[in-house]
Amino acid sequence: MCYLPSGVKAEIMLPPKWWQRPYYRLLEPIECAGHFVPKGFISDGATVPRLFWPVFPPIGRYLKATLVHDCYLQQGIDRKTCDQHFKQCLLALGVTSWRVITLYTAVRLYSCFLAFKHTR
């Protein structure tokens, strides 16, 4: 059990292979900008290529925003709405504007990529 960035209390679940990412199970529910994620929710943090981890670590200050985004996606909420909630949370957490723009643009581009991939 440990406290992760943004005061998130979680259990770290180590992967079987050293090159795989760990998962985090929430030990307490979280709230961010009026959005809630229940205790027990499991996430691997922000999906960021390893090359960018020094600037955008998977469990950075924006972890709560990432958890809201992932939780809503798992509930079947459409990606555009999830992405908008992600941005609201980033702003509520006081993430710097250049990071908000970069992170939000990245999730929107990924959403577009997935939509394009599914039409082929």
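This passage describes the overall fold of the protein and then the setting of one serine. The model is predicted.

The protein contains three helices and six strands. Along the sequence, these elements follow the order β-β-β-β-β-β-α-α-α.

The overall dimensions were examined next. The C-alpha trace spans about 40 × 35 × 30 Å along its principal axes. The radius of gyration is 14 Å. A compact globule of 120 residues would have a value near 14 Å, so the protein agrees with that expectation.

Of the 120 residues, 38% are buried. Contacts between residues at least 6 apart in sequence were also considered. Of these contacts, 48% join residues at least 24 apart.

The surface was described by area and by charge. The protein exposes about 7400 Å². Carbon and sulfur atoms supply 63% of this area. The protein carries 15 positive and 7 negative charges.

Ser111 belongs to helix α3, which covers residues 97–119. The relative accessible area of Ser111 is 8%. Buried residues have under 20%, so Ser111 counts as buried. Residues up to four places away in sequence were set aside when its contacts were listed. With that exclusion, Ser111 touches Arg79 and Asp83.

Methods. Residues are numbered from 1 along each chain as its sequence is written. This is a predicted model: local features need pLDDT of at least 70, side-chain atom pairs count only at pLDDT 80 or more; totals for chains, interfaces and linings use all residues. Side-chain values use heavy atoms; hydrogens and water are left out. Helices (H or I, at least four residues) and strands (E, at least two) are DSSP runs, numbered from the N terminus. The radius of gyration is taken over C-alpha atoms; the globule rule is 2.2 Å times the number of residues to the power 0.38. Buried means under 20% relative accessible area, exposed over 50%, partly exposed in between (1.4 Å probe, protein chains only). Contact means heavy atoms within 4.5 Å. Accessible areas come from the Shrake-Rupley method with a 1.4 Å probe; for residues, only the protein chains shown count as cover. Lys and Arg count as positive and Asp and Glu as negative; His and the chain ends are not counted. The place of a charge is taken as NZ of Lys, CZ of Arg, CG of Asp or CD of Glu.
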